[in-house]
Amino acid sequence: MKQIQYTGTNYAEIKRFAGDAVLAPYFCMGFNMLSLNTRDGFVTVNEGDWILQDETGEFSVSYRPSEI
């Protein structure tokens, strides 16, 4: 499993990691967020969340890193 944390300022790194599965970040109510296409559809990724990619290439979001 691969994983990366969204800090709110590392969009370029997130884009390299997730490619077209991630949409440009947006600012709402004082927080940076972005959207990620997962098997469940688009989900919001908040600052501090972790983007996980499993062995099949599917993405998911977690509030903490995976213990591999």
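1. Two strands are taken to pair if DSSP finds at least two bridges between them. Helices (H or I, at least four residues) and strands (E, at least two) are DSSP runs, numbered from the N terminus. The structure is a predicted model, in which local features need pLDDT of at least 70 and side-chain atom pairs count only at pLDDT 80 or more, while totals for chains, interfaces and linings use all residues. Residues are numbered from 1 along each chain as its sequence is written, and side-chain values use heavy atoms, with hydrogens and water left out.

2. An open sheet is formed by three strands in the order β2-β3-β4, with antiparallel pairing. At its edges stand β2 (26-28) and β4 (41-46); each has a single partner strand, so one side of each is left without a neighbour in the sheet. On average, neighbouring strands of this sheet are turned by 40 degrees against each other, direction ignored; the axes behind such angles are lines fitted to C-alpha atoms.

3. The antiparallel strands β2 and β3 (residues 31-38) are joined by three bridges. Cysteine 28 has phenylalanine 31, in β3, as its bridge partner.

4. Threonine 38 also belongs to strand β3. Threonine 38 has a relative accessible area of 11% and is therefore buried (buried means under 20% relative accessible area, exposed over 50%, partly exposed in between, with a 1.4 Å probe and protein chains only). Its side chain reaches the backbone oxygen of glycine 41 at 2.8 Å. Leaving aside residues up to four places away in sequence, threonine 38 touches Val43, Phe59 and Ser60, where contact means heavy atoms within 4.5 Å.

5. One aromatic pair is found in a search of the whole structure. The ring centres of phenylalanine 17 and phenylalanine 59 are 5.9 Å apart and the planes stand at 65 degrees, so the pair is edge-to-face. For this assignment, rings of Phe, Tyr and Trp (its six-membered ring) pair if their centres lie within 6.5 Å; planes under 30 degrees apart count as stacked, over 60 as edge-to-face and the rest as tilted. Because phenylalanine 17 lies in helix α1 (residues 11-18) and phenylalanine 59 in strand β6, the pair ties together parts that are 42 residues apart in sequence. Phenylalanine 59 is buried, at a relative accessible area of 9%.

6. Glutamate 55 is found in the loop between β5 (50-53) and β6 (59-62). With 69% relative accessibility, glutamate 55 counts as exposed. From C-alpha to C-alpha, glutamate 55 and lysine 2 are 8.3 Å apart in space, although 53 residues apart in sequence.

Terms used. Axes fitted to C-alpha atoms, helices over the stretch in contact; angles between N-to-C directions. Polar contact = N/O pair within 3.5 Å; in protein donor to acceptor, adjacent residues only side chain to side chain.
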